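This briefing sets out selected features of one protein structure, grouped by topic. Please read it alongside the sequence and the coordinates shown below.

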Amino acid sequence: QKVFRERVLYFAKSKEFISGNNFVINNQVRAIVSASAVQLTLGLELWNLNYFDKIIVFPGDFLNKQTGLKLKGETNLGGFISLSWKSFLQGYKIKNDNLNLGIHEFTHALRFNGIRNFETDYFFSNYFSKWYCIGNKEFLNLSENKPSIFRAYGGSNINEFLSVVVEHFFESPEQFKSELPLLYSATAILLNQKQSDGMTRVNIRQQELNSHQVFCPLPEISTNVSFFKSTFAYIGLIFLLLGTFTFAEAGIFSFPTLCLLAFGVMNFMISDFKHTKALIQADRILISKGFFLFRNRKVFTVPFHHLILADFRSENSNDEAVMLTFFNNDDFFYEEEFHLRISPEQKQKLMTSLRKNYVWAKDLSVQI
C-alpha cells in the first residue's frame, strides 16, 4: 500500500493534466486517474510511462478532429492520453463486465512507451514476444469471429488484444484462469502481479515461470561444430605460422617474432574464451563456455520454460548459428549464441518443437 500511494503521488505530479471541453481538473481526478495507471504497473520496476506526459480528461465522449470519430479514450503516439471521465468511472463502477477504460488506455501506453524507444520495464519488453506466442491462438480466434472469453474488439490488432486481455485479467481473473490458464499465467508474468483471494500479489514471475510445462519435447541434439571454425582461431593460427617463419629467420627473441606469437596466442585465447557449446535435451538446454584453457569456465542449464526467442541463421547447408534469448533466475534476460551441425530436416523439427512450446523461433537466413 505504501508503494502504491507513493507511485500515485509521483504519477500525478509528473503528468500534465489538461481539461477537455471545460472539464474541471481537481486533485481527486488526478489521484483516481493516476491510481488506474499504478494499478496496471504495480509489479513493474519501470512504470511511469514517461513518453506520455499529458493526460487530457473530457467530461464525456470526445471528437477526434483528425478522424471525425467520437471516442471514449485514446492513447496517441504524439505523447498524450485522452479519457472520457464518464466512461472512466463507469469502468470501475461495473467491476465484472471486462470493460475498464483506464486499464485499457494505460495498457496501450505501456506498450507504446517502448515502441517509441522510451525507457520501459526491462522484463515487460523482453517477455512480450513470448506472451504474444502464447496468446496468438486466442487472438486469431477473435480475428476470425470464433468464440472466445474476450470481447470481439480484441481481434482488431495485437495492441487492442493486449488491452482487452489485461482488462479481463483485472476484472474476471477467476474465469480467465479457469478458461485459459497458460495465457493467464503469461499475463501475470508480463505484469509481475496477479490476484489471489481478493488480494493483489506482486513479484510472482519466478513462481509462475516455474509452473509452466513442456508441451512438445525437443529433439535431442549435441553441438559438434569445430572450435577451429572460429574467426579468432583462424587469425590466431595465421599469426602463429607467421611467427614460426619469423622465428626461423630472426630468432625467437626478436621483436617481430614475439609480436606475432603474442598476437596469435591472444586470438586463440579469445576464441577459447568465447567458444560456446550446447546440448539440447527434451526439456532443457545445457550450455558450457570455453574449449581448452577456459574449458567449462561457465556451465549452466536453461529450463525450456525460460526460453523466449530463438534466432536461426544458416552458415552453410549443415551449420546453424543459433541465438537464444532466455530468462535467468536473477531476473535478467541473457543471449547466447552457439553453433549446431544439423540437417535441414533436423532444423525444421527443432523449430517446430520450439514453436509448439510458444518460443518465438525465427529463421533469419530466409528473411527478406
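Is Lys-54 buried, partly exposed or exposed, and at what relative accessibility? Lys-54 counts as partly exposed, at 31% relative accessibility, where buried means under 20% relative accessible area, exposed over 50% and partly exposed in between, with a 1.4 Å probe and protein chains only. The model is predicted, and local features need pLDDT of at least 70, side-chain atom pairs count only at pLDDT 80 or more, and totals for chains, interfaces and linings use all residues. Residues are numbered from 1 along each chain as its sequence is written, and side-chain values use heavy atoms, with hydrogens and water left out.

**Salt bridges**

- The structure has 14 salt bridges, each defined as a side-chain nitrogen of Lys or Arg within 4 Å of a carboxyl oxygen of Asp or Glu.
- Lys-54 pairs with Asp-53 in one of these, at 3.8 Å from N to O; Asp-53 is partly exposed as well, with 36% relative accessibility.
- Another salt bridge links Glu-174 to Lys-177, with the closest N and O atoms 3.9 Å apart.
- Glu-174 and Lys-177 are three residues apart in helix H7 (residues 173-179), and are therefore separated by about one helical turn; helices (H or I, at least four residues) and strands (E, at least two) are DSSP runs, numbered from the N terminus.
- Glu-174 is exposed at 51% relative accessibility, whereas Lys-177 is partly exposed at 30%.
- The side chains of Glu-336 and Lys-289 form a salt bridge with an N to O distance of 2.7 Å.
- Because Glu-336 belongs to strand E15 (residues 333-341) and Lys-289 to strand E11, this pair ties together parts that are 47 residues apart in sequence.
- Both Glu-336 and Lys-289 are buried.

**Helix H12**

- Helix H12 (residues 344-356) has 13 residues, which should span 18 Å at 1.5 Å a residue, and its end C-alpha atoms are 18 Å apart, in agreement; the expected span is 1.5 Å times one less than the number of residues.
- Lys-347, Leu-350, Met-351, Ser-353 and Leu-354 are the buried residues of H12.
- On the face of H12 turned away from its buried side are the exposed residues Pro-344, Glu-345, Lys-349 and Lys-356.

**Cysteines**

- Zero disulfides are found in a search of the whole structure, a disulfide being a pair of cysteine sulfur atoms within 2.5 Å.
- For Cys-216, the closest cysteine sulfur is that of Cys-133, which at 14 Å is too far for a bond.
- Cys-216 is buried at 17% relative accessibility, while Cys-259 is partly exposed at 36%.

**Loop residues**

- Phe-292 lies in the loop between strand E11 (284-289) and strand E12 (298-303), and is exposed, with a relative accessible area of 64%.
- Arg-116 is found in the loop between helix H4 (101-115) and helix H5 (122-143), and is partly exposed at 39% relative accessibility.
- Although Arg-116 and Gly-79 are 37 residues apart in sequence, their C-alpha atoms are 9.3 Å apart in space.
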